[in-house]
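Take a moment to look at the model below.

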Amino acid sequence: MKASFAVTNARCKGGQFVLGARTLPGTPYDGHSLAAQIAQTERLTGRRVKRVYADRGYRGHGVERDGLDVILSHTRGITSPTIRREMRRRNAIEPVIGHMKADGLLERNHLAGPDGDAINALLCAAGDNLRLLARWLRLLWLWILARTLRLRALLGTWRQDPMVA
């Protein structure tokens with residue numbers, strides 16, 4: 001079973017979110033999975049995909065659409081500085097997949113059959129997004145707590161408990 005993931009390419013404070021996860025039975029050629037992954041990502045996000053950054057395994061993908069640029073790694077002649085900069089961000093996607101394998105248990109599937117494979121990939125992607133949100137909420141809570149304690153100290157309302165002293 002082959003799993004295909006769509007990840008944001010933008011540098012975000014919260015991390016890179018997984019936008020779509022698909023499984024494909026057998027071991028299909030990477031290029032054949034690109035059109036379905038783009039369609040799923042557009043359906044889930046409600047936005048059209050403008051650029052796709054993929055590795056060389058997606059050569060010969062056959063996806064032709066107005067307003068869609070598929071940029072493969074190690075391609076010569078890229079003159080746009082925006083595309084060159086965003087292409088360097090593609091290397092940051094590999095750790096996302098590595099974290100899903102290690103932390104999300106993507107490598108080991110305990111669910112039977114092709115439906116179990118699809119459920120496992122979907123749950124790994126959701127778990128990765130939830131880990132990012134939990135980390136953000138933890139940082140937000142610490143920031144609120146620090147601001148509250150600082151405000152209390154400034155106002156002089158912070159007193160020791162008389163029972164402790």
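What follows is a walk through this model, from its overall layout to its pockets.

This is a predicted model: local features need pLDDT of at least 70, side-chain atom pairs count only at pLDDT 80 or more, and totals for chains, interfaces and linings use all residues. Residues are numbered from 1 along each chain as its sequence is written, and side-chain values use heavy atoms, with hydrogens and water left out.

Start with the layout. The chain has four helices and four strands. Helices (H or I, at least four residues) and strands (E, at least two) are DSSP runs, numbered from the N terminus. Along the sequence, the pattern reads β-β-α-β-β-α-α-α. Of the 165 residues of the chain, 32% count as buried. Buried means under 20% relative accessible area, exposed means over 50%, and partly exposed lies in between, with a 1.4 Å probe and protein chains only.

How does the chain meet itself? Contact means heavy atoms within 4.5 Å. Take contacts in the chain between residues at least 6 apart in sequence: 50% of them join residues at least 24 apart.

Now look at the strands. β1 and β2 run antiparallel, and six bridges join them. Two strands pair if DSSP finds at least two bridges between them. β2 is mostly covered, with five of its seven residues buried.

Next comes helix α1, which holds Thr 41. Is Thr 41 buried or exposed? Thr 41 counts as buried because its relative accessibility is 7%. Leaving aside neighbours within four places in sequence, Thr 41 is in contact with Ala 6, Leu 19, Gly 46 and Val 49.

Strand β4 covers residues 69-72, and Asp 69 is found there. Asp 69 is partly exposed, because its relative accessible area is 41%. Neighbours within four places aside, Asp 69 is in contact with Lys 50, Arg 51 and Val 52. Asp 69 and Tyr 53 are 16 residues apart in sequence, yet 8.5 Å apart in space, C-alpha to C-alpha.

Helix α4 gives two further examples. Leu 132 lies in this helix. Leu 132 counts as buried because its relative accessibility is 12%. Not counting residues up to four places away in sequence, Leu 132 touches Gly 14, Gly 15, Gln 16 and Phe 17. Leu 132 and Gly 14 are 118 residues apart in sequence, but 6.3 Å apart in space, C-alpha to C-alpha. Ile 119 is also found in α4. Ile 119 counts as partly exposed because its relative accessibility is 44%. Ile 119 and Arg 22 are 97 residues apart in sequence and 9.4 Å apart in space, C-alpha to C-alpha.

Now go inside. In soluble globular proteins, nonpolar side chains tend to be buried together. A nonpolar core is a set of buried Ala, Val, Leu, Ile, Met, Phe, Trp, Tyr and Cys residues joined through side-chain atoms within 4.5 Å. The largest nonpolar core has eleven residues, among them Phe 5, Val 18, Ile 93, Leu 106 and Cys 124. The elements that give two or more residues to this core are β1, β2, α3 and α4. A second, separate core of eight residues includes Leu 34, Val 52, Val 63 and Leu 72.

A pocket is an open set of points on a 1 Å grid over the protein atoms alone, where a 1.4 Å probe fits, with protein on both sides within 12 Å along at least five of seven lines; lining residues have an atom within 4 Å of a point. Grid points are joined across faces, edges and corners, and a volume is the space filled by probe spheres set on the points.

About 1,400 Å³ of space lies in the largest pocket. Of its 42 lining residues, Phe 5, Ala 6, Val 7, Thr 8 and Ile 93 are the closest to its centre. Elements that each supply at least two residues of this lining include β1, β2 and α1.

The second largest pocket holds about 270 Å³ of space. Its lining includes Gly 15, Gln 16, His 99 and Leu 132. Which element gives the largest share of this lining? The answer is α4, with four residues.
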